[in-house]
Amino acid sequence: MNSMFTKIVRILLGVILILFGANKFLGFIPLPELPEQANNFMTSLGQTGYILKIVGVLEIIIGSLLLMKKWVAFALNLLAPISINILLFHVFLDLKGIGGALLVAVLNGILIYKYWTHYKTLFQ
């Protein structure tokens, strides 16, 4: 688990999560033009007043845990449903923007695999 590859993947994923989590509050990365259905969906989430903020806070917390190498298995567990939802959003609503979603899902999957010994007891 302490290999250089695992460290690079963990740090890269942590930076991505903090960057995009902070962007939900600060808006320093402009959002790309979305297809109509995807735009309607994101507008609906934004109008709730809390969904995107909670996801942003979770991304920042998870990213910070990954960067500090604290509770990594727990952080990856929290990230799994978020990364799956990001991936499904792009599969069904914005296929041309799937690259980043695939990157997050693959990095999350790699780290779950690398930390699999922490999850074994969940499946016994």
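Predicted model: local features only at pLDDT ≥ 70, side-chain atom pairs only at ≥ 80, totals over all residues.
Residues are numbered from 1 along each chain as its sequence is written. Local features require pLDDT of at least 70 and side-chain atom pairs count only at pLDDT 80 or more, while totals for chains, interfaces and linings use all residues, and side-chain values rest on heavy atoms, without hydrogens and water.

Helices are DSSP runs (H or I, at least four residues) numbered from the N terminus. Axes are lines fitted to C-alpha atoms over the stretch in contact, with angles from 0 to 180 degrees between N-to-C directions.

| Helix pair | Axis separation | Angle |
|---|---|---|
| H1 (residues 4-26) and H3 (residues 51-68) | within 7 Å | roughly 150° |
| H4 (residues 72-93) and H5 (residues 98-114) | 9 Å | about 150° |

H1 and H3 are therefore roughly antiparallel, a term for angles over 145 degrees. H1 passes H3 in a left-handed crossing, in which the near helix is turned anticlockwise from the far one by less than a right angle. Their contact (heavy atoms within 4.5 Å) includes Ile11, Gly14, Ile18 and Phe25 of H1 and Leu52, Gly56, Ile60 and Leu67 of H3. The contact residues of H1 with H3 comprise 15 nonpolar, five polar and four charged; Ala, Val, Leu, Ile, Met, Phe, Trp, Tyr, Cys and Pro count as nonpolar, Asp, Glu, Lys and Arg as charged, and the others, Gly among them, as polar.

H4 is likewise roughly antiparallel to H5, and the crossing of H4 and H5 is left-handed. Among the residues that meet are Leu76, Ser83 and His90 in H4 and Ile98, Asn108 and Ile112 in H5. The contact of H4 with H5 has 13 nonpolar, three polar and no charged residues.

Definitions and conventions
Helix = DSSP H or I, 4+ residues; strand = E, 2+ residues; numbered from the N terminus. Parallel < 35°, antiparallel > 145°, perpendicular 65-115°, else oblique.
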